[in-house]
Amino acid sequence: MTEIAPKVHRIPNINGSNAVLIEDKKMVLVDTGVAGNGDTIISYIKEIGRKPEDLGWIVVTHFHYDHSGSADELSKLTGANIVAHLDETIETSEGKKFLLKGNENTGTGPPWWYRTLFGNRIIRSNRKKKGTQKRFDYIDTEIHQTVNHGDIIPVLGGLRILHTPGHTPGSICPILEGRKMIFLGDSVLNNRIRLSRPLTWDRRKRKQLDVSLRSLRDEQIEHACFGHGPPLMDDAEVSIKALTERPYNIPTWRIALKHRSTLKRFRERSKQPGHWEGGIDSE
Ligand SMILES: [Zn+2]
C-alpha cells in the first residue's frame, strides 16, 4: 500500500504519469499513465480490499497519452465514468465527446530548433523498440462527463476542479479540499531543488499558464501531487507562490539548449515506471 495521505494512494508500478486513487464509497482515479496499466490498477484496487466497480470516476488532468492512455481500458473494466475538461474534448457528429489526440495546436508542431535538437531522432528510436509503440499511440477515449472550473466531484468531501489552461487548453488541477491537496498534472514540475514550469515554446501559452499558476495562490494548499515524480507533502503553497514569483521571460530555446541532456534522458525514459527524475528547470 502506498498511501500518501489518509485514503489517497499513489499506485505503484504505473508506466507513464502517476495514477492516484482517492478512496471513498465511490472512488476516483486521477490520471492513468500510458496504455496498458489497467490490470496493475485493478490489482491495486483489489489489494486494498475494494472492488473494481467501486471506481466511480477516472479524472484526466489533460489529454496527453502518458496521462490518459489507460482511461478507456479501465473504464471498460470498472464501469467508471471518464471525466475531462470540456476544452480537452472534441464532439463527434453523433454528439459524443472524445478526448483530444496529438498536438492540440493543429498545424503548429514544435519549432525547428526543437525538432532539430530532440524531436525526430528520439521519436524514431522509440518506434524501433519492440512493443513500445502502443504506449505512444493515442487511444480513442470517450469522455462521459465534462467538467468546468468550480465543478465538484463528490469524493472525500469534494474534489474541486480548477481550470488551468496553458500546458494544454483544458488542463485541470483538481483540489481535494478535505486534504488541502492539489493535483497539478503537468502544469508544474517537481524538480529536485524547486518547482518549475513545463517547457512551452509558444509564448501565448506560456503567458496563459502563468495566469493559471498565479490563480493557485488564492487556494489553500498544503500538499501537491504532480503528473510525474513524488508528491510534495509540506508547504506546497509556499513553493507554488515562489514559482509564480520567478520571472518567466527567458526564450524557450535557451532553456532547452541548457537542459539538452536532461530533455533527451527524459524522452528516452518516458516509457519506464516512475521515469520522471527531475524535470527541466524552466528559468
Ligand atoms: Zn502533459
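A residue is called buried if 20 or more other C-beta atoms lie within 10 Å of its own, exposed if 12 or fewer, and partly exposed in between, with C-beta atoms placed from the backbone. Helices (H or I, at least four residues) and strands (E, at least two) are DSSP runs, numbered from the N terminus. The model is predicted: local features need pLDDT of at least 70, side-chain atom pairs count only at pLDDT 80 or more, and totals for chains, interfaces and linings use all residues. Residue numbers start from 1 along each chain as its sequence is written.

Helix 1 spans residues 38–47. Its buried residues are Gly38, Ile41, Tyr44 and Ile45. Viewed down the axis of helix 1, these fall within an arc of 130 degrees (taken from the directions from the helix axis to the C-beta atoms), so they line one face of the helix. Asp39, Ser43, Lys46 and Glu47 are exposed on the other side. The cover over the buried residues of helix 1 includes strand 3 (20–22), strand 4 (27–30), strand 5 (55–59) and helix 3 (71–78). After helix 1 comes Gly49, with a positive phi near 80 degrees.

Positive phi also occurs at Lys180, which is not a glycine; the value is about 50 degrees. Lys180 sits in the loop between strand 12 (175–176) and strand 13 (181–183). Lys180 counts as partly exposed because it has 16 C-beta neighbours inside 10 Å.

Asp235, a residue other than glycine, has a positive phi near 50 degrees. The loop between strand 16 (223–225) and helix 7 (236–245) holds Asp235. With 14 other C-beta atoms within 10 Å, Asp235 is partly exposed.

Note on methods:
Contact = placed C-beta atoms within 7 Å.
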